[in-house]
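Dear colleague,

Please find the structure below, together with its sequence. I would be grateful if you would read the notes that follow with the model open beside them.

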Amino acid sequence: QVQLVESGGGLVQTGGSLRLSCVASGSIFSINAMAWHRQAPGKPRELVAIIRNGGSTNYLDSVKGRFTISRDNANGVYLQMNSLKPEDTAVYYCVVDSSPHSWATVRRSWGQGTQVTVSS
């Protein structure tokens, strides 16, 4: 199993910044991709940003130019969020696609979520 520990959420004013962190541990042989999803009250969950093995990234249109996803060599993934807006308020989830062995299929693991609240 893979464990994901998230941190960095909180309350911030419009225009402020937050940095989310997530560290993956457990049965990990390789990681295909790491991502952040979010879900606001009454809305479906959406992909915010993804970084793939090799470094390519994609972002939700509404966060392009404001959010930056990065990862390190210790199975950590980060989301730097700048110029935050009230519509960014949501629970943010760390997601990791990984394999426990070289011959195993890729599995998706979800973090417990961290609340981000942007006040107007």
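The model is a predicted one, in which local features need pLDDT of at least 70 and side-chain atom pairs count only at pLDDT 80 or more, while totals for chains, interfaces and linings use all residues. Residues are numbered from 1 along each chain as its sequence is written, and side-chain values use heavy atoms, with hydrogens and water left out.

Nonpolar core

The largest nonpolar core has 26 residues. Such a core is a set of buried Ala, Val, Leu, Ile, Met, Phe, Trp, Tyr and Cys residues joined through side-chain atoms within 4.5 Å. Buried means under 20% relative accessible area, exposed over 50%, and partly exposed in between, with a 1.4 Å probe and protein chains only. The members that touch the most others are Trp 36, Phe 67, Val 77, Leu 79, Met 81 and Tyr 92. Two or more residues come from each of strands E3 (18-26), E4 (30-39), E5 (46-52), E7 (67-71), E8 (76-81), E9 (90-99) and E11 (114-119). Strands (E, at least two residues) and helices (H or I, at least four) are DSSP runs, numbered from the N terminus.

Disulfide

The structure holds 1 disulfide, defined as a pair of cysteine sulfur atoms within 2.5 Å. Cys 22 and Cys 94 form this bond, with their sulfur atoms 2.1 Å apart. Because Cys 22 belongs to strand E3 and Cys 94 to strand E9, the pair ties together parts that are 72 residues apart in sequence. The torsion about the S-S bond is about -75°, so the disulfide is left-handed. Cys 22 is buried at a relative accessible area of 0%, and Cys 94 is likewise buried at 0%.

Salt bridges

A search of the whole structure gives 5 salt bridges, each being a side-chain nitrogen of Lys or Arg within 4 Å of a carboxyl oxygen of Asp or Glu. Arg 38, Glu 46, Arg 66 and Asp 88 are linked in a network of these contacts. Within it, Arg 38 meets Glu 46 at 2.8 Å, N to O, and meets Asp 88 at 3.0 Å, N to O. Arg 38 is buried, with a relative accessible area of 5%, as is Asp 88, with 1%, whereas Glu 46 is partly exposed at 30%.

A further salt bridge joins Arg 108 to Asp 97, the closest N and O atoms being 2.8 Å apart. Since Arg 108 is in strand E10 (residues 107-110) and Asp 97 in strand E9, this pair ties together parts 11 residues apart in sequence. Arg 108 counts as partly exposed at 48% relative accessibility, while Asp 97 counts as buried at 14%.

Backbone angles

Most residues other than glycine have a negative phi. Asn 75, however, has a positive phi near 60°; the residue sits in the loop between E7 and E8 and is partly exposed, with a relative accessible area of 23%. Ser 83 also has a positive phi, of about 50°. Ser 83 is located in the loop between E8 and E9 and is partly exposed, with a relative accessible area of 39%.

Yours sincerely
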